[in-house]
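I opened this file to look up helix packing, sheets and confidence. My notes follow in the order in which I took them.

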Amino acid sequence: MFLTLAWQSLLSRKVTTFLTISALLVSVSLLFAIEHIRLQTQDNFKRTVAGIDLVVAARSSQINVLLSSVFRIGANPNAVSWDTYQAVSNKEKVLWSIPISLGDSYQGYPVVGTNLDYFKHYQFGKQQALSLESGRVFASPSEAVIGANVARSLDLKVGQSIIISHGGGKVSFSHHEHHPVLISGILVATGTPVDKSVHVPLIAIEQMHKPTAPTSLGSSFTKPEVIETSESDDEDVKDAHEEHDEHEKHHQTSVELPEIAPDTFDLIGKPTQISAFMIKAESPFAILTLQRDLNRYESEAISAIMPQVALAELWQTIGAVETVMQLIAFLVLCASLIGLATMLLASMHERRHEISVLRAIGASPWFIATLIQAEAMLISTLALIGAYIAVTLAIMTLGGWLLEEYGVYVSANIYSTSILLKALIVMALTFVVAIIPAFSAYRNAKYLFK
Amino acid sequence: MSTAITIDNLNFAYPKNRQVQRSKAARNVILNIPSWQLDMGKTAFLHGPSGCGKSTLLNLLSGTLSLSVNAANHGEIRVLDKSINAMSNANKDAFRAKELGVVFQQLNLIGYLSVADNIKLSNRFSSGSSEFNMDKLEQVLTNLNLSMSIVNYKANQLSVGQQQRVAIARALFHSPKLLIVDEPTSALDAQSTAKFMQLLLSNTQQLGASLLFVSHDMRLATDFDKCVGLPEINKASLNCELSQEGDS
């Protein structure tokens with residue numbers, strides 16, 4: 001009965017109630033969205049580096065090494081020599097190592113030159129290994145394994161061939177047209193940068209950048225049928241590559257994936273340098289000594305970083321920005337809560353008669369004050385539910401775009417203890433702010449007949 | 001014999017801090033009633049010009065206004081043989097909900113609630129439980145010439161005449177021993193007024209409740225057991241024409 005009364009009272013002032021709920025809904029949505037994206041970003045980053053003990057790259061700051069090699073954000077212009085990689089990966093304490101060669105891209109997606117150890121050893125999240133959604137891992141120098149996200153957003157299938165561009169960015173003017181690659185496999189989505197990467201054998205990177213004629217490469221390393229499709233594609237591309245990107249994708253005819261026995265081709269070649277490599281130490285205890293050894297490596301200036309430590313430093317840097325964002329969201333929330341109190345306070349005059357009726361039938365001034373509190377709580381509860389739904393819907397709609405643009409996988413399930421805590425804070429603040437109109441109602445009720 | 005209302009040596013002036021905003025005249029004592037009573041089961045018609053303290057008296061009787069005893073305020077008010085000024089505020093609210101039925105000039109109902117919800121809410125306060133007897137509601141409404149078809153209407157969808165009858169229905173629903181009614185016909189036309197008065201008196205009698213009816217319209221006084229002018233019993237009413245405060 002009590003809630004019915006509060007609810008009916010709000011319904012009798014539909015427009016002001018609606019506007020107040022809307023204002024609160026917007027600010028709570030902001031609060032929820034910022035909190036959720038913050039948590040999800042942290043989670044994403046942690047997922048990505050979960051299985052890696054050390055990342056080694058040319059000497060640079062640990063954040064730079066982490067971002068450029070693992071997250072493929074920005075670039076480390078310096079490289080590590082192949083000899084160093086070989087030497088380090090043969091160390092006793094190293095369980096496995098994965099070389100990474102970066103710098104090229106396909107339609108804005110980074111191309112990662114690596115070896116088969118990548119698919120064998122790389123782990124994300126809670127020790128989950130990479131797995132293939134379709135196709136198989138690359139087995140020849142002109143094959144590529146693409147991340148789930150690349151496949152989905154560019155509508156690529158196993159058997160299609162693609163032309164990799166030189167350098168990063170969506171618009172590139174230099175393409176490795178002489179070395180098309182065939183998509184041999186598509187990885188299952190991981191929620192890490194792997195999803196938006198194109199993986200090719202190290203040798204492919206080497207070949208692409210060699211100033212040699214395409215024919216000689218084709219005959220020496222790739223199967224004839226693969227070359228055929230590639231050449232026909234090449235012609236399309238030469239006409240007007242930029243404009244026809246969309247068409248090209250649909251015109252590409254998939255070919256049967258050639259059966260290639262393992263070890264048929266050399267997938268590594270003779271690289272002189274790579275961008276970085278990831279290491280799993282033999283035991284957790286070995287990580288620190290290994291890191292110290294590598295940071296003192298004599299023949300080359302390299303940095304070995306612990307991704308988790310680098311992440312912590314990154315959060316410290318980003319932390320200030322997060323705090324500012326949260327503060328803004330909090331202030332916006334305060335503004336709308338004050339609006340809520342104002343609305344209830346302003347309604348007090350027109351409700352004098354309602355209050356006198358309630359008093360006449362035996363309601364105490366406390367009852368009236370509690371009624372006002374209940375109305376405030378109802379408004380906030382509705383705004384919280386609305387914001388929860390709004391943010392969920394927004395993420396369901398924009399989640400793909402976020403993944404696309406920023407490589408951040410944001411779950412549409414926004415429930416977390418942190419969000420729950422935020423909701424409780426909103427309710428508590430509502431209670432505090434509504435004390436003002438509730439007190440006014442109390443006084444009104446008490447002295448109404450004087 | 002027990003009485004519905006006993007007023008003994010009552011002296012009332014509004015508290016000082018509230019007087020600041022009032023006119024000079026109103027700062028004087030509003031009520032000074034040496035003695036007055038209404039017997040149980042009887043009906044009384046109380047009349048008097050505006051500003052005589054009619055509403056003040058009603059608010060004191062129903063407990064919405066406190067008689068805080070001090071130099072200016074003293075005396076005793078007994079309603080249904082209980083001393084009102086000895087009760088705590090919470091007890092006054094409970095007493096009003098349970099034992100009294102109060103009806104104002106107009107706007108007696110909560111406009112955004114349905115007729116049924118208005119009466120249910122009142123019943124909630126008087127009985128303390130959410131149990132509600134729909135048959136009883138029908139009975140009470142029928143007695144007041146109201147059909148059950150209006151129970152789901154919002155109170156503000158009804159005509160003023162209907163609203164006042166629903167207000168009586170609400171006040172009678174919990175079978176109060178005393179009904180306090182303040183100029184309920186002021187917004188009604190002559191025909192509705194006559195009908196309303198007849199229904200009010202017959203229902204009160206049927207219930208055996210006492211009735212204190214306040215109006216300045218002497219034509220309505222005919223069927224009451226007792227008819228009294230407030231200036232006759234209130235010694236403080238000499239300057240009542242000067243003040244409009246405290247009334248209405």
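Before the helices I wrote down the convention for handedness: a crossing is left-handed if the near helix is turned anticlockwise from the far one by less than a right angle, and right-handed if clockwise. I also noted that this is a predicted model.

**Entry 1: helices of chain A**

I started with helix H2 (residues 14-49) of chain A and helix H15 (residues 417-446) of chain A, which pack at an angle of about 155° with their axes 10 Å apart. Angles over 145 degrees count as roughly antiparallel, and H2(A) is therefore roughly antiparallel to H15(A). By the convention above, the crossing of H2(A) with H15(A) is right-handed.

I then listed who meets whom. From H2(A) come A:Val28, A:Leu31, A:Phe32, A:Glu35, A:His36 and A:Leu39, and from H15(A) come A:Ser418, A:Ile419, A:Lys422, A:Ala423 and A:Val426. I sorted the residues of this contact between H2(A) and H15(A) into 7 nonpolar, 2 polar and 2 charged.

Next I took helix H12 (residues 307-346) of chain A against H15(A). Their packing angle is about 30°, and their axes lie 9 Å apart. Angles under 35 degrees count as roughly parallel, so H12(A) is roughly parallel to H15(A). I recorded a right-handed crossing for H12(A) and H15(A).

On the H12(A) side of this contact I found residues including A:Gln326, A:Phe330, A:Leu333 and A:Leu337. The contact of H12(A) with H15(A) divides into 13 nonpolar, 3 polar and 1 charged residues.

That left the pair H2(A) and H12(A). I read an angle of about 175° and an axis separation of 9 Å. H2(A) and H12(A) are therefore roughly antiparallel to each other. Their contact holds 20 nonpolar, 9 polar and 4 charged residues.

**Entry 2: a sheet in chain A**

Which order do the strands of the open sheet in chain A take? I read E3-E14-E1-E15, 4 strands with antiparallel pairing. Strand E3 (94-100) and strand E15 (302-305) of chain A are the edges, each pairing on one side only. Direction ignored, neighbouring strands here are turned by 20° against each other on average.

I followed one pairing in detail. Strand E1 (residues 54-58) of chain A and E15(A) pair in the antiparallel sense over 4 bridges. A:Val55 has A:Ile305 in E15(A) as its bridge partner.

Two helices that pack on this sheet went into the notes. Helix H3 (residues 62-70) of chain A touches E1, E3, strand E14 (276-281) and E15 of chain A, and its direction makes about 95° with that of E1(A). Helix H4 (residues 82-89) of chain A touches E3, E14 and E15 of chain A, and its direction makes about 160° with that of E3(A).

**Entry 3: a sheet in chain B**

In chain B I looked up an open sheet of 4 strands in the order E2-E1-E4-E5, with antiparallel pairing. Its edge strands are strand E2 (31-39) and strand E5 (82-83) of chain B, each pairing on one side only. Strand E1 (residues 3-12) of chain B pairs with E2(B) in the antiparallel sense over 8 bridges. For B:Asn11 the bridge partner in E2(B) is B:Asn32. Helix H2 (residues 54-62) of chain B packs on this sheet, where it touches E1, E2 and strand E4 (74-79) of chain B, and its direction makes about 120° with that of E1(B).

**Entry 4: confidence**

I noted an ipTM of 0.85 and a pTM of 0.76 for the model. The mean pLDDT of chain A is 85, with 88% of its residues at 70 or more. Over residues 213-251 of chain A the pLDDT is below 50, and this stretch has 37 contacts beyond near neighbours in sequence in the model.

Chain B averages a pLDDT of 83, and 88% of its residues score at least 70. Among the elements of chain B, helix H1 (residues 16-19) of chain B has the lowest mean pLDDT (53), and strand E8 (residues 210-214) of chain B has the highest (92). Residues 19-26 of chain B stay under 50, with 12 contacts beyond four places in sequence. Residues 241-248 of chain B are also below 50, with 18 contacts beyond near neighbours in sequence. Where pLDDT is low, the predicted coordinates should not be read in detail.

How values were computed: Residues are numbered from 1 along each chain as its sequence is written. Chains are lettered from A and ligands numbered from 1 in the order in which they are written. This is a predicted model: local features need pLDDT of at least 70, side-chain atom pairs count only at pLDDT 80 or more; totals for chains, interfaces and linings use all residues. Side-chain values use heavy atoms; hydrogens and water are left out. Two strands pair if DSSP finds at least two bridges between them. Contact means heavy atoms within 4.5 Å. Axes are lines fitted to C-alpha atoms, for helices over the stretch in contact, and angles run from 0 to 180 degrees between N-to-C directions. Angles under 35 degrees count as roughly parallel, over 145 as roughly antiparallel, 65 to 115 as roughly perpendicular and the rest as oblique. Ala, Val, Leu, Ile, Met, Phe, Trp, Tyr, Cys and Pro count as nonpolar, Asp, Glu, Lys and Arg as charged, and the others, Gly among them, as polar. pLDDT is the predictor's confidence in each residue, from 0 to 100.
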